[in-house]
Amino acid sequence: MAELIAIYDLKGLNCPLPVLKAKKRLAGMQPGSRLWLETTDPLAVIDIPAFCADSGHQLIETAAMSGGHRFLVERGQQRP
């Protein structure tokens with residue numbers, strides 16, 4: 001059976017809110033858990049990958065959607 005992956009609707013929010021809200025949501029998840037982030041902020045295509053790299057999360061997939069983008073993020077290990 002396919003794993004259900006939650007979708008976090010960040011549409012309508014502009015920089016830096018999508019990253020800040022994603023950071024908070026991912027902090028409450030177990031390492032290895034995955035989350036779809038849906039955004040309409042055009043800067044998210046830069047901000048979300050940079051956030052993942054800086055925070056130790058893995059960006060699994062990026063996809064364009066009507067009016068924005070989707071990012072599949074896997075929660076990384078907690079950093080000290």
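This is a predicted model: local features need pLDDT of at least 70, side-chain atom pairs count only at pLDDT 80 or more; totals for chains, interfaces and linings use all residues.
Local features need pLDDT of at least 70 and side-chain atom pairs count only at pLDDT 80 or more, while totals for chains, interfaces and linings use all residues. Residues are numbered from 1 along each chain as its sequence is written, and side-chain values use heavy atoms, with hydrogens and water left out. Strand β4 pairs with β2 and with β3, and the buried residues of helix α1 pack against β4 among other elements.

**Strands**

- Helices (H or I, at least four residues) and strands (E, at least two) are DSSP runs, numbered from the N terminus.
- Strand β4 covers residues 68–74, and five of its seven residues are buried, so the strand is largely enclosed by the rest of the structure. Buried means under 20% relative accessible area, exposed means over 50%, and partly exposed lies in between (1.4 Å probe, protein chains only).
- Two strands pair if DSSP finds at least two bridges between them.
- Strand β2 (residues 34–39) is antiparallel to β4, and six bridges connect the two. In this pairing T39 is opposite H69 of β4.
- Strand β3 (residues 58–65) is also antiparallel to β4, with seven bridges. L59 is opposite V73 of β4, and M65 is opposite G68 of β4.
- The β3–β4 hairpin has two residues between its strands, and G67 in this hairpin has a positive phi near 85 degrees.

**Helix α1**

- Helix α1 spans residues 17–27, and its buried residues are P18, V19, A22 and L26. Seen down the helix axis, these buried residues fall within an arc of 90 degrees, so they line one face of α1. The arc is taken over the directions from the helix axis to the C-beta atoms.
- K24 and A27 are exposed on the other side of α1.
- The partners of the buried residues of α1 are β1 (6–10), β2, α2 (44–55) and β4. Contact means heavy atoms within 4.5 Å.

**Cysteines and the cis peptide**

- A disulfide is a covalent bond between the sulfur atoms of two cysteines. The rule applied here asks for a pair of cysteine sulfur atoms within 2.5 Å, and the count comes to zero.
- The sulfur of C15 has its closest cysteine sulfur in C52, 14 Å away, which is too far for a bond.
- C15 is partly exposed at 42% relative accessible area, whereas C52 is buried at 2% relative accessibility.
- The peptide bond between C15 and P16 is cis, with omega about 10 degrees. P16 is in the loop between β1 and α1.

**Rings and charges**

- The count of aromatic pairs is zero. Rings of Phe, Tyr and Trp (its six-membered ring) pair if their centres lie within 6.5 Å; planes under 30 degrees apart count as stacked, over 60 as edge-to-face and the rest as tilted.
- R25 is over the face of Y8, 4.6 Å from the ring centre.
- R70 is over the face of W36, 4.0 Å from the ring centre.
- A charge sits over a ring if NZ of Lys or CZ of Arg is within 6 Å of the ring centre and within 35 degrees of the ring normal.

**Individual residues**

- I5 is in the segment before β1 and is partly exposed, with a relative accessible area of 25%. Apart from neighbours within four places in sequence, I5 contacts R34, L35, W36 and L72. The C-alpha atoms of I5 and L35 are 5.8 Å apart, with the two residues 30 apart in sequence.
- G32 is in the loop between α1 and β2, and is partly exposed at 38% relative accessibility. Not counting residues up to four places away in sequence, G32 touches E74 and R75. Its C-alpha atom is 9.2 Å from that of Q58, 26 residues away along the chain.
- I60 belongs to strand β3 and is partly exposed at 31% relative accessibility. Leaving aside neighbours within four places in sequence, I60 contacts R34, L72 and E74. I60 and A44 are 16 residues apart in sequence, and their C-alpha atoms are 15 Å apart.
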